[in-house]
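Student: I have just opened this structure and would like to learn how to read it. Could we go through it together, one feature at a time?

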Amino acid sequence: MSSEQNPRTDGAAPAEGTDARPARLTAAAALAALEGLALVAGGAWMLVGGLTGHPDDRTQAVTGGVTLIVLALLPLIAARGLLARRGWSRGPAVITQIMALPVAYNLLQADSVAIPAGIALAVVAVAALVLIVNPETTRALGIRGPGRPKG
């Protein structure tokens, strides 16, 4: 693996401008982690409510909660990969944001307190997408365009 894809592990401070993680990459990782944590919280809420409360369908509530917790793995793993500057992490991060946009749209169609959540989710998803596809982020992850030589 090239040094472009792996962060320094010797503990030495990076030379200025060479190995420093761009702020955009850190922000994208933070947004992906935030989405993952929100999914864990929502899944835990559904799971606990399904087990201790009186849902209309206990099986559906438990299944929904477990599904959300499992789905949270995608943005959480992507966030960890982005922080570690792994090129593979951009794919899961982009997929997470693309999946978030229809969810945000559906939340915006509701006539309830879900509308602010839809706005927040849409803003986070679009901001994360912009940060993830930014050329500076792409370079920091060691991703080359088609036909571009190494180095």
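Tutor: Gladly! Let us begin with contacts: a contact means heavy atoms within 4.5 Å. In the protein chain, residues 24 or more positions apart account for 65% of the contacts with a separation of 6 or more.

Student: What kind of model is this, and how are its residues numbered?

Tutor: This is a predicted model, in which local features need pLDDT of at least 70, side-chain atom pairs count only at pLDDT 80 or more, and totals for chains, interfaces and linings use all residues. Residues are numbered from 1 along each chain as its sequence is written, and side-chain values use heavy atoms, with hydrogens and water left out.

Student: What is the mean pLDDT of the protein chain?

Tutor: pLDDT is the predictor's confidence in each residue, from 0 to 100. Here the mean is 86, and 85% of the residues reach 70 or more. Over residues 1–5, pLDDT stays under 50, and the model has 11 contacts beyond four places in sequence for them. Residues 7–17 are also below 50, with 7 contacts beyond near neighbours in sequence.

Student: How many helices and strands does the protein chain have?

Tutor: Helices (H or I, at least four residues) and strands (E, at least two) are DSSP runs, numbered from the N terminus. This protein chain has 6 helices and 0 strands.

Student: How do the axes of helix α2 and α3 cross?

Tutor: Axes are lines fitted to C-alpha atoms, for helices over the stretch in contact, and angles run from 0 to 180 degrees between N-to-C directions. The axes of α2 (residues 58–71) and α3 come within 5 Å and cross at roughly 15 degrees. That makes the two helices roughly parallel, a label for angles under 35 degrees, whereas over 145 is roughly antiparallel, 65 to 115 roughly perpendicular and the rest oblique. I69, V70 and L71 in α2 meet L73, L74 and P75 in α3.

Student: Which side chains meet in a salt bridge?

Tutor: A salt bridge is a side-chain nitrogen of Lys or Arg within 4 Å of a carboxyl oxygen of Asp or Glu. The count here is 1: E136 and R24 meet at 2.2 Å, N to O. E136 lies in helix α6 and R24 in helix α1 (residues 23–52), so the pair ties together parts 112 residues apart in sequence.
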